[in-house]
There are 2 protein chains.
Amino acid sequence: MKKIIVASTSTVHGSGYLAYILPELATFFKEATTILFIPYARPSGISYEEYTAKAREAFAKIDKKVVGLHEFENPVAAVTEAEAIFTGGGNTFELVNQLYKTEVLAKLQEVVSLGTPYLGTSAGSNICGVTMMNTNDMPIVYPPSFDTMGLIPFNINAHYLDPDPTSKHMGETRETRIKEYHVFNETPVLGLREGSWLAVNGNSIELKGKYTARLFRKGKEAIELSSGTIIDSTILSV
Amino acid sequence: MKKIIVASTSTVHGSGYLAYILPELATFFKEATTILFIPYARPSGISYEEYTAKAREAFAKIDKKVVGLHEFENPVAAVTEAEAIFTGGGNTFELVNQLYKTEVLAKLQEVVSLGTPYLGTSAGSNICGVTMMNTNDMPIVYPPSFDTMGLIPFNINAHYLDPDPTSKHMGETRETRIKEYHVFNETPVLGLREGSWLAVNGNSIELKGKYTARLFRKGKEAIELSSGTIIDSTILSV
């Protein structure tokens with residue numbers, strides 16, 4: 001049975017890395033002693049070693065060991081054998097590029113579908129969707145495809161931001177960008193605000209955290225989902 | 001001789017479409033009676049017809065006719081024969097995708113290199129760079145490549161925004177994103193603020209408009225270039 005946490009962000013303003021969600025993670029990962037960390041997204045370009053050290057420090061607080069995927073000679077085998085997996089945020093294009101290059105993506109999808117507990121934050125959450133087409137990241141590398149794991153039947157827009165009515169900037173709002181996406185695509189998109197996450201248990205997908213989330217479906221007005229909503233096919237249907 | 005205007009935006013806050021730059025355009029396009037408009041970037045997903053009508057209305061104020069590239073059966077021939085060309089903003093992924101699909105990109109690069117006057121705004125400016133890897137846009141379609149025209153020896157980040165020191169949002173700043181780009185790439189990137197543009201005349205590239213622009217080079221501190229700066233190989237060298 002699928003067991004996934006899809007979080008908008010690793011960090012909320014004014015607190016430490018993963019701090020806001022650690023109590024939830026202690027329960028979520030209670031059967032695992034070691035978590036396999038996928039550091040490929042490299043936020044600010046930090047090295048795999050530095051990034052893994054950051055994840056290790058946070059998980060030490062709930063008595064979990066962390067190993068980095070880059071420490072294994074055979075990353076596909078490491079994913080196959082992992083007790084639990086965490087993919088951190090950073091640049092989604094580089095993350096997806098490396099997941100294809102190492103052939104980890106297909107195996108990751110397989111083991112998570114079969115029940116290996118998986119935590120994603122930001123870019124690590126984007127790859128749970130059908131495609132990475134609603135990332136906010138800059139296309140700094142050209143991945144072989146935008147298709148991702150499709151562990152949930154919609155796409156994620158992490159770090160969702162409401163329009164700023166006082167802004168004089170002419171760049172597009174997040175909502176405008178997602179509406180442009182629906183000119184060319186059908187897949188629904190969930191705008192997850194920082195501090196929100198999805199708890200996926202088998203086929204049940206529940207919105208958790210303090211905030212509402214904004215759901216965009218082609219040809220319909222966007223709606224706000226309150227925390228606790230079960231996101232099922234009725235809500236998602238156009 | 002190349003004759004190009006590379007503008008950060010079509011529109012500055014509080015004024016009409018192209019209004020801030022129309023006096024400059026009257027001079028720039030003085031030898032042309034008709035401008036070929038490339039509407040492929042479709043901001044907010046508007047149709048080619050609507051978008052061309054918007055460009056037509058603006059250029060009527062300086063007595064120029066506008067024809068849309070979609071009105072031609074053979075778009076490559078239309079680009080070849082154009083007196084002058086304007087590519088509007090919108091989604092850079094969709095723009096580049098269509099420019100590859102229609103095989104217009106290579107011909108556009110050729111005619112602009114040989115002297116057909118070219119105006120780009122936003123996405124239409126991004127394609128003047130070496131690659132589109134510093135766009136802010138959402139990857140709503142998968143283009144066959146991120147390579148663009150290389151009419152200037154660096155990339156453009158349009159609508160450049162300074163970090164907001166009061167923000168509680170944990171998403172990355174523009175500067176952080178561009179620094180991540182330089183972990184994987186060498187090409188310099190120019191952050192062009194709204195209201196700034198580059199005037200390219202042959203091999204001379206001059207920063208124009210009211211604002212400074214921010215230049216990012218791999219392994220160096222970012223610097224501000226003042227309006228009037230000639231952006232030459234000395235400034236660009238790492």
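1. A:Ala7 stands opposite A:Thr121 in strand S5 of chain A. A:Ala7 falls in strand S1 (residues 3-7) of chain A, which pairs with S5(A) in the parallel sense over four bridges. Strands here are DSSP runs of type E with at least two residues, helices are runs of type H or I with at least four, and both are numbered from the N terminus. Two strands are said to pair if DSSP finds at least two bridges between them.

2. This is a predicted model, in which local features need pLDDT of at least 70 and side-chain atom pairs count only at pLDDT 80 or more, while totals for chains, interfaces and linings use all residues. Residues are numbered from 1 along each chain as its sequence is written, chains are lettered from A and ligands numbered from 1 in the order in which they are written, and side-chain values use heavy atoms, with hydrogens and water left out.

3. S5(A) also pairs in the parallel sense with strand S4 (residues 85-87) of chain A, over three bridges. There, A:Gly120 is the bridge partner of A:Thr87. From S5 (residues 118-121), A:Tyr118 and A:Gly120 point one way, A:Leu119 and A:Thr121 the other way, and all are buried. Buried means under 20% relative accessible area, exposed over 50%, and partly exposed in between (1.4 Å probe, protein chains only). In a regular strand the side chains alternate between the two faces of the sheet.

4. Strand S3 (residues 65-68) of chain A has a covered face, with A:Val66 and A:Gly68, and an uncovered one, with A:Lys65 and A:Val67. S3(A) is joined by four bridges to strand S2 (residues 34-38) of chain A, and the two run parallel. A:Leu36 stands opposite A:Val67.

5. Chains A and B each give 45 residues to the contact between them, contact meaning heavy atoms within 4.5 Å. The area buried between the chains is about 3,800 Å², with 65% from carbon and sulfur atoms. B:Met138, B:Ile140 and B:Tyr142 supply 20% of the area that chain B buries against chain A, more than any other three residues. Buried area is the accessible area (1.4 Å probe) that two parts lose on being put together, summed over both.

6. Two salt bridges are counted between chain B and chain A. A salt bridge is a side-chain nitrogen of Lys or Arg within 4 Å of a carboxyl oxygen of Asp or Glu. A:Arg177 forms a salt bridge with B:Asp137, with the closest N and O atoms 3.6 Å apart. On chain B, helix H4 (92-101) and helix H7 (174-184) are the elements that give two or more residues to the side that touches chain A. H7(B) gives the most, with eight residues.

7. H4(B) is mostly covered, with eight of its 10 residues buried. Among them are B:Phe93, B:Leu95 and B:Gln98. B:Gln98 has a relative accessible area of 13%, which is why B:Gln98 counts as buried. Which residues does B:Gln98 touch, not counting residues up to four places away in sequence? They are B:Tyr40 and B:Tyr48.

8. The side chain of B:Gln98 also makes a polar contact with the side chain of B:Glu94 (2.9 Å). A polar contact is a pair of N or O atoms within 3.5 Å; within protein, one must be able to donate a hydrogen and the other to accept it, and residues adjacent in sequence count only if both atoms are side-chain atoms.
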